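Here is a short report for a reader who is meeting this structure for the first time. Please look over the sequence and the 3D view, then read on.

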Amino acid sequence: MELDEIKNKWSETDVLKGKLQVNDNRIKEMLKNEGESVLSKLIRTTKFSIIIPIPAGLLVCLHSYSCSFEGYYMILPLIFLLICILLVPLNSHRYRLLKGIDYSRMSVKEVSEKILKYQNNVQKWQVYHTIGFFVFLGVWYFLYHKLILGSEI
């Protein structure tokens, strides 16, 4: 009696395994349908981040020059422009990572590896950007008090 029950349960699990088995093509189709829109948004954002930094840096420099900041205080907008120029190769590297993803030619594993590589790159540089931001603010604060107000901090 128990042997018959075990055989019945075993056959039921085999039938369920056949129905629930996920194949690679189905995952690719799901990734292609949902992933294309997300990937295109990421690519658009990355293109924007390649194009915008240099005009933004030039705008800050021109605004600072028109506000008649002179001397050492002009260093900050120039440093900001340099940072914006240095962001272009980083963002173009991210753009190449995203453009390398092709759902139709790559396996699920390869797509996942590319996406993880992109995410790791973003997380790593996010730490560097945060540190650089606080250093930039510290320099700005020092120069503002020392050169514009003429007082010690």
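## Overall fold

This is a predicted model. The protein has five helices and zero strands. Along the sequence, the pattern reads α-α-α-α-α. There are 153 residues in the protein, and 18% of them are buried. Take the contacts with a separation of 6 or more: 71% of these join residues 24 or more positions apart.

## The largest pocket

The volume of the largest pocket is about 490 Å³. Its lining counts 20 residues, and the closest to the pocket centre are Ile-83, Leu-87, Leu-90, Trp-125 and His-129.

Which helices each supply at least two residues of this lining? They are helix H2 (24-51), helix H4 (75-99) and helix H5 (108-148). H5 gives the most, with nine residues. By class, the lining has 12 nonpolar, seven polar and one charged residues.

## The nonpolar core

The largest nonpolar core holds eight residues: Leu-39, Ile-43, Leu-98, Ile-101, Tyr-103, Met-106, Val-111 and Tyr-118. Both H2 and H5 supply at least two residues of this core.

Leu-98 is one of the core residues. Setting aside residues up to four places away in sequence, Leu-98 touches Leu-39, Leu-42, Ile-43, Thr-46 and Tyr-118.

Asn-91 lies in helix H4. Is Asn-91 buried or exposed? Asn-91 counts as buried because its relative accessibility is 7%, and the cut-off for buried is under 20%. Beyond residues up to four places away in sequence, Asn-91 touches Thr-46, Ser-49 and Ile-50.

Cys-84 is also placed in helix H4. Its relative accessibility is 5%, so Cys-84 counts as buried. Leaving out neighbours within four places in sequence, Cys-84 is in contact with Pro-53, Ile-54 and Gly-57. Cys-84 and Ile-50 are 34 residues apart along the chain, and their C-alpha atoms are separated by 9.5 Å.

Leu-62 sits in helix H3, which covers residues 53-66. Leu-62 counts as exposed because its relative accessibility is 59%, and the cut-off for exposed is over 50%. Pro-77 lies 15 residues from Leu-62 along the chain, with 8.7 Å between the two C-alpha atoms.

## The salt bridge

How many salt bridges does a search of the whole structure find? The search finds one. Arg-105 forms a salt bridge with Asp-102, and the closest N and O atoms are 2.6 Å apart. Arg-105 counts as exposed, with a relative accessibility of 69%. Asp-102 has a relative accessibility of 22%, so this residue counts as partly exposed.

## Accessibility at a glance

The table gathers the residues discussed one by one.

| Residue | Relative accessibility | Class |
|---|---|---|
| Cys-84 | 5% relative accessibility | Cys-84 is buried |
| Asn-91 | 7% relative accessibility | Asn-91 is buried |
| Asp-102 | 22% relative accessibility | Asp-102 is partly exposed |
| Leu-62 | 59% relative accessibility | Leu-62 is exposed |
| Arg-105 | 69% relative accessibility | Arg-105 is exposed |

Note on methods. Residues numbered from 1 in each chain as written. Predicted model: local features only at pLDDT ≥ 70, side-chain atom pairs only at ≥ 80, totals over all residues. Heavy atoms only, no water. 1 Å grid on protein atoms, 1.4 Å probe; cavity = no way out; pocket = protein on both sides within 12 Å on 5 of 7 lines; lining within 4 Å. Points joined across faces, edges and corners; volume = space filled by probe spheres on them. Helix = DSSP H or I, 4+ residues; strand = E, 2+ residues; numbered from the N terminus. Nonpolar A, V, L, I, M, F, W, Y, C, P; charged D, E, K, R; others polar. Core = buried A, V, L, I, M, F, W, Y, C linked by side-chain atoms within 4.5 Å. Buried < 20%, exposed > 50% of the residue type's maximum accessible area, 1.4 Å probe, protein only. Contact = heavy atoms within 4.5 Å. Salt bridge = Lys/Arg side-chain N within 4 Å of Asp/Glu carboxyl O.
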